[in-house]
Amino acid sequence: MNVTLRARLTLLYGALFLVAGLVLIGVSYLLFNQELSRLFDDKYGPKQVFKLHTPGNVLTLGQAQQLMEDQQRLLEEQQLDLRAAAVTSLLAQGAVAVVVVGGAAIGLGWIISGRVLAPLHKVTATARRIAAAPMAERGLHERIALAGRRDEVKELADTFDTMVERLDHSFDGQRRFVANASHELRTPLTLNRALVELAMHRRTASPDVKELGESLLEINARHERLISGLLLLARAEHEIADRSPVDLADVVSHVVSQVAPEAEAEKVTVREEAFPAPTTGDAMLLERLVLNLVENGIRHNLGDGTGWVRVTCGTAGGQVMVTVANTGPAVPPYDVPELFKPFRRLNADRLVTGRSAGLGLSIVRSVAQAHGGDVVARPRDDGGLEVTAYLPHATPWTRSDP
C-alpha cells in the first residue's frame with residue numbers, strides 16, 4: 001500500500017496529539033485521585049467521625065466504638081462510590097474530548113500539511129513534465145520559479161532550477177558543437193573530392209592513380225554521408241515549430257519509387273500499402289524518416305533474391321503510423337534497443353560503411369520524437385525487423401487543384 005507523504009504527516013500529527021491527550025488524561029487522573037483521597041481523609045477520617053457526636057449523647061464505650069465503626073464503613077462505601085463516579089466521569093469525558101479534538105486536529109493537520117507540501121507538488125509536476133518530454137533535453141527549458149519566503153523548500157526548487165539550466169546549456173552547447181563541426185568538415189571534404197577527381201581525369205593519369213582515386217572518392221563519400229547524418233541528427237533533436245500539412249501516404253509512395261533501383265540491385269521486393277495518413281511537420285525530415293526505414297530494410301535483408309520489404313501507412317488509435325517490415329537475419333530482442341543508438345548495428349559495436357553512416361534508426365527516432373511521436377521495433381519470428389513510427393494525427397485537409 002502506497003501512503004503519500006501528506007497522509008503520513010497527517011497520521012503523525014494525529015498520533016502525536018492522541019498520545020499527548022492520553023498522557024494528559026493519565027496525569028489528570030493521578031492528580032485528581034490524589035486530591036480526592038486527601039479531601040476524604042481530612043473531612044471524613046476517624047477523627048472527624050468522632051466529632052459528629054455531641055456531648056449530649058451518652059453512650060457506653062462499646063456502643064460508641066460500634067457506632068464509629070458502622071459510620072466509618074458507611075463513609076468508606078460512599079467514598080468509594082463517589083470516587084468511582086468521579087473517576088469514571090473524568091475518564092469518559094476526557095476520552096470523548098480527546099477523540100473529538102483529535103479528529104479536528106487530524107483534519108487541520110491534513111489541510112496544513114497540504115499547504116506545506118504544495119511547493120513540493122509544483123517541483124514534482126515540473127520534474128514530470130521534463131521527464132515526459134519526447135527527448136529529455138527538450139524539456140529542460142522548464143523552470144519551477146517558486147515564489148515566497150526563502151526556506152528549505154524554496155532552496156530545493158532554486159537548486160533544481162539551477163541544475164536544469166546548466167543541463168540545458170550543456171545540451172545546447174553539444175548540439176551547436178555537432179552542427180558547427182559538421183559544417184566545418186564539409187569544406188575540406190569537398191576540396192578533397194575536387195582534387196581527387198582532377199587528378200583522376202588527367203590524360204596522364206595512370207591506371208594505378210585512377211584506382212587509388214576511386215578508393216579515395218569512396219572514402220570521401222562515406223565521410224560526407226557521416227557528416228550529413230550528424231547534421232540531420234543535430235537538427236532533428238529540436239522540436240519542430242514550423243509545421244506544414246504532410247500526408248505520409250505521399251511520402252511513402254515517393255520513397256518507394258526512389259529506392260526502386262537499389263532494391264532491384266539487392267534483389268529485394270518492396271511492397272507498398274499506403275492509406276491516407278495526414279499529419280503535420282517538416283516534410284523533408286519526414287521523408288528522411290521513411291527513407292531511412294526503407295533503406296534499412298533493403299540493406300539488412302536476405303541476399304538470395306527471396307527477401308522483401310513491406311511498407312504500410314495509415315491511422316490507428318488516433319495516430320498516424322508508418323510500418324516497415326523486412327525479411328533478414330534473426331534479431332535477438334535484447335539487441336533491438338541498441339539499434340537506435342548512433343553508430344550501432346547488429347553484430348557490430350561501431351560500424352560505418354560506404355553506404356551507411358550507422359545513424360539510420362537513431363535519426364528515425366529523433367525525427368519522430370521531434371514531431372511529438374515515437375518509434376518502436378520488434379524482431380519478426382522468421383527473421384528481420386518490424387519498425388513502426390507513430391506521429392500525431394492531423395485533421396484532414398482539402399487539396400485544391402491549381
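Begin by selecting Val290, which, if its neighbours within four places in sequence are left aside, is in contact with Val251, Val252, Val255 and Val322 (contact means heavy atoms within 4.5 Å). Residues are numbered from 1 along each chain as its sequence is written, and side-chain values use heavy atoms, without hydrogens and water. The model is predicted, and local features need pLDDT of at least 70, side-chain atom pairs count only at pLDDT 80 or more, while totals for chains, interfaces and linings use all residues.

Next, select helix α6 (residues 248-258) together with helix α8 (residues 283-299), which pack at an angle of about 50° with their axes 9 Å apart. Helices here are DSSP runs of H or I with at least four residues, and strands are runs of E with at least two. Angles under 35 degrees count as roughly parallel, over 145 as roughly antiparallel, 65 to 115 as roughly perpendicular and the rest as oblique, and α6 and α8 are therefore oblique to each other. To see their contact, show Val251, Val252, His254, Val255 and Gln258 of α6 with Leu286, Glu287, Val290, Leu291 and Val294 of α8.

Now turn to the largest nonpolar core, which has 39 residues, and colour Leu289, Val290, Val294 and Val322, those with the most contacts inside it. Such a core is a set of buried Ala, Val, Leu, Ile, Met, Phe, Trp, Tyr and Cys residues joined through side-chain atoms within 4.5 Å, where buried means under 20% relative accessible area (1.4 Å probe, protein chains only). Helix α8 gives the most to this core, with eight residues.

Terms used: Axes are lines fitted to C-alpha atoms, for helices over the stretch in contact, and angles run from 0 to 180 degrees between N-to-C directions. Buried means under 20% relative accessible area, exposed over 50%, partly exposed in between (1.4 Å probe, protein chains only).
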